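Trainee: I have just opened this model and would like a close look at one part of it. Please walk me through that part slowly, and tell me how the chain as a whole looks around it.

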Amino acid sequence: MQLYCESRLKTIRRVTREVAIGPVRIGGNHAIAVQSMTTTPTEDVAATVAQARELAEAGCDIVRITAPSLKAARALQAIRDQFRKDGFTTPLVADIHFLPKAAMEAVEHVEKVRINPGNFADYKKFKVIEYTDAAYQEEIDRIHDAFTPFILRCKELGRAIRIGTNHGSLSDRIMNRYGDTPEGMVESALEFIRIAESHGFHDIVLSMKASNPKVMIAAYRLAVARMQEEGMAYPLHLGVTEAGDGEDARVKSCIGMGSLLADGLGDTLRVSLTEDPVHEVPVGKDLVRWTEALWQQSSYLAPDATVAPESVDFYQANRREVKPILLPDGTNWDHELPTKVAVGSAENLSPSDLVKRVAEVQVRQKSARIEYWVHAVEKPTHIEQLAILAEAWKGVINGFVIDLMQCDCIDALLPLISRNTSFHWILNVAHRDLEQVLGKLPEAPALTCCIDFAGMRADRIRLLSNLSNCLVTLSAPLEGLTAIGSYRALIAELDANGSKPGLWLRNLPENFIKQDPCAFADLLMESSILSGTLLCEGAGNLISVESEPNLLKATALAYNILQGARARISKTEFVACPSCGRTLFDLQSTTQKIRSRTHHLKGVTIAIMGCIVNGPGEMADADFGYVGGAPGKVNLYVGKSCVKVGIPEAQAVDALIELIREHGKWVEPEVVESA
């Protein structure tokens, strides 16, 4: 199969068709368009127009409106007329599920219609059916007949469509042949594209949304590869669906979309938040600005460095195999164990600062504990600081990651390490100093050697093949490559030389694109994209967020990146959809209420869905589901199975808690004392 992008070492934008959505052009050389979606009932014309205006004024390039019924689709005419009368030219998009008749009505009034191939002329009832090839083709012929009138009308009116596959709403037909897989997602969309192309229609945008960034990334990559095989070049709409709210949602969205944008994929995007939709726009704009800066950077980078070919599977999220590292307690830290977290700062601290940091660490929450402290050693006074920390943090943290800035300091550092063998010490040295340092290091389970390959030389990598207890890292990008590309190149060289050391992913200003990496929003975005991309590819055994002076914020961000990339689960996972006109309860307040009572349930996944469009499907990975079943009524799920129906909304959260108890997943929250 062809590679899904032109380069994985730097960002080269994918060449696509240009698609017009009213006055907005996407694909080609046009700017990435930011989208959002109204949350008001579509039949409430005044409220929907008011929210569309608010989104347009916030800089939203395309506004989407749900049309869950024929009546709602007809209301789009009045919405469009008033919106245009108010002086707004922002294109409007209708979002359609289940009802081809609603799509036929909506296309009369808006510039673009989104249809879901999983339910446009299909269904999902989780039925097991063995399709023969003949029976499967009969289903394709049936879809062809149902989809053709809509395509012909779009062609006649000059409308665009988005074929928007959702991981949670694949049809039974697709599920039975391809399973709940990225391949099934891609084939679901390609079936509809082929029908459109049979009528000479090409104004198509494609999306492959999922709540799991790993699934979403794999599906988009596979979609591009398959389109290349079939001579297609349709632009992509990026999105992580049901991302939730707050920092968790922003991290998850940046991981999923940022990974693809870094590879040159993506022409329009929506950040789906369970918040006021206007909050989605600035996050989307930040992602666009970051991508544009990456394009500019890559335009003057040197041609791709000569590196070994990558051995990873781009379409499967498999963990990279590494040599185990022996820890002080005699256990192995290897690729099967959860990724460790290093959070700290390489800055030089005064004794009074150290006391403050000790107190800050000691009041942390258990679910986000600082496991390793990163400390720079450039002169003897830094070793004295380190000794203070080691004494204060016995039994508090697992160990220290030491940036050995000057090799001359190693003689003074080793006695400190030998006196504190309960800690795991990770000694980070530049690759140029490797031979000098290795000659002085004792063999001890408390000590791991980490080599910084900034300015990588292949001959140095060959020295690693016989080393045990070894990590590698990059403190800055390799010449001519992006930060992500640098780590990929390093991994390729390691694998080609038979070296399997673990990988420390460092989130430092040197690895960032934005001009203000000290701003927490930029730090969140840059760190999520860099570490999240590599974690989703199965690489990474230690991560650190070192640019944020507030340790608790940095620690929480590190854990959120691990959780967003599904590399390590340290708290409850919430799959919560953004609100829209189909929603049957207040998603924002309900999500916060459920989160406040269940956030301590480590390893439990709870889905909060406003309606049944994607609910049962997106809850396939969830332990429990809270789904709007009717106005004022909630249905509760265990996995894919609906177990309680029509619970009054006022009682539904308590019923969810009781359901969690019944299935043995409930634990009482611990009381966390503050400083």
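Mentor: Gladly! A word to settle before we start: a residue is buried when its relative accessible area is under 20%. This is a predicted model, and in it C154 is buried, with a relative accessible area of 0%. C254 has a value of 2%, so this cysteine is buried as well. The count of disulfides in the model is zero. Across the chain, buried residues account for 60% of the 675 residues, while the exposed surface comes to about 24900 Å², with 50% of it supplied by carbon and sulfur atoms.

Now for the part to look at closely. The chain has 20 helices and 25 strands, and five of these strands make an open, mixed sheet in the order β21-β22-β23-β24-β25. β21 (573–576) and β25 (641–648) are the edge strands; each has a single partner strand, so one side of each lacks a neighbour in the sheet. Going from one strand to the next, the twist averages 20°.

One place to look is V638, whose bridge partner in β25 is S641. Helix α20, residues 649–662, packs on the sheet and touches β22 (605–609), β23 (624–630), β24 and β25. The direction of α20 makes about 145° with that of β25.

Stepping back to the whole chain, 71% of the contacts between residues at least 6 apart in sequence join residues at least 24 apart.

Terms used. Residues numbered from 1 in each chain as written. Predicted model: local features only at pLDDT ≥ 70, side-chain atom pairs only at ≥ 80, totals over all residues. Heavy atoms only, no water. Disulfide = S-S within 2.5 Å. Buried < 20%, exposed > 50% of the residue type's maximum accessible area, 1.4 Å probe, protein only. Pairing = 2+ DSSP bridges. Helix = DSSP H or I, 4+ residues; strand = E, 2+ residues; numbered from the N terminus. Axes fitted to C-alpha atoms, helices over the stretch in contact; angles between N-to-C directions. Contact = heavy atoms within 4.5 Å. Areas by Shrake-Rupley, 256 points an atom, 1.4 Å probe, with all protein chains shown as cover.
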